[in-house]
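Dear colleague,

Please find below the structure that I am handing over to you, followed by an account of what was found in it. I would ask you to keep the model open while you read.

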Amino acid sequence: MTYTLDRTLWATSFDDAVGRTKAALIKHGFGVLTEIDVKATMKKKIDADIDDYLILGACNPRMAFEAMKLEPKVGAMLPRNVILRGVDDGNVMVSAIDPVASMQSIDNEMLTSLAGRVRSMLAQAVAEI
């Protein structure tokens, strides 16, 4: 099983890809709680130069609330990370964690079902970027 939902944006600026990704997430009920600029962090912390790389912590509050009611400790696995990274020349790869894959370690059929619904929402968002 793959663990991400992926889409490559061809000949797209990184900033445009970030804007399009955030808009698609919002359209499908996700807010962006966190942003981690991995490129800047690697440069600052270990003086490493890498391509553009951004981690967005996306959350659908209703789905997160339902998940926490089913499994109170599930918050350790939230929010849903979505990464954007520069690949090749002028292309951007968007990858969202697959909630079904990430929840496999929790033995709870109702949570698995909920993860499937969240997966569908994320897949639609990724497809529309």
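A residue is called buried when its relative accessible area is under 20%, exposed when that area is over 50%, and partly exposed in between, using a 1.4 Å probe and protein chains only. This is a predicted model, in which local features need pLDDT of at least 70 and side-chain atom pairs count only at pLDDT 80 or more, while totals for chains, interfaces and linings use all residues. Residues are numbered from 1 along each chain as its sequence is written, and side-chain values use heavy atoms, with hydrogens and water left out.

Overall form

The protein contains five helices and five strands. Helices (H or I, at least four residues) and strands (E, at least two) are DSSP runs, numbered from the N terminus. Their order along the sequence is β-α-β-α-β-α-β-β-α-α. The radius of gyration of the protein is 15 Å, close to the 14 Å that the globule rule gives for 129 residues, so the protein is as compact as a globular protein of that length. That radius is taken over C-alpha atoms, and the globule rule is 2.2 Å times the number of residues to the power 0.38. The C-alpha trace spans about 45 × 35 × 25 Å along its principal axes.

Of the 129 residues, 40% count as buried. The protein exposes about 7500 Å², of which carbon and sulfur atoms supply 55%; accessible areas come from the Shrake-Rupley method with a 1.4 Å probe, and for residues only the protein chains shown count as cover. A contact means heavy atoms within 4.5 Å. Among contacts between residues at least 6 apart in sequence, 68% join residues at least 24 apart.

Salt bridges

How many salt bridges does a search of the whole structure find? The search finds eight, a salt bridge being a side-chain nitrogen of Lys or Arg within 4 Å of a carboxyl oxygen of Asp or Glu. Three of these pairs are described here.

The side chains of aspartate 16 and arginine 20 form a salt bridge, with 3.6 Å from N to O. These two residues are four apart in helix H1 (residues 14-27), so about one helical turn separates them. Aspartate 16 counts as partly exposed because its relative accessibility is 37%, and arginine 20 is also partly exposed, at 30%.

A second salt bridge pairs glutamate 128 with lysine 27, and their closest N and O atoms are 2.9 Å apart. This pair links distant parts of the chain: glutamate 128 lies in helix H5 (residues 109-128) and lysine 27 in helix H1, 101 residues apart. Glutamate 128 is partly exposed at 42% relative accessibility, whereas lysine 27 is exposed, with a relative accessible area of 59%.

Lysine 43 and aspartate 47 also meet through their side chains in a salt bridge (2.9 Å, N to O). Lysine 43 has 38% relative accessibility and therefore counts as partly exposed, while aspartate 47, with a relative accessible area of 56%, is exposed. Salt bridges that share partners join Lys43, Asp47 and Asp49 into one network.

Backbone details

Which two residues does a cis peptide bond join? They are leucine 78 and proline 79, and omega is about 0°. Proline 79 sits in the loop between helix H3 (61-70) and strand E4 (80-87).

Alanine 11 has a positive phi of about 50°, although this residue is not a glycine. Alanine 11 belongs to the loop between strand E1 (4-9) and H1, and its relative accessible area of 74% makes it exposed. Aspartate 88, another residue other than glycine, has a positive phi near 55°. Its place is in the loop between E4 and E5, and aspartate 88 counts as exposed at 63% relative accessibility.

A residue in strand E5

Is asparagine 91 buried or exposed? Asparagine 91 counts as buried, because its relative accessibility is 12%. This residue is found in strand E5 (residues 91-97). Leaving aside neighbours within four places in sequence, asparagine 91 is in contact with Thr8, Leu9, Trp10, Ala11, Arg85 and Gly86. Ala11 in this list is the alanine with the positive phi of about 50°.

With kind regards
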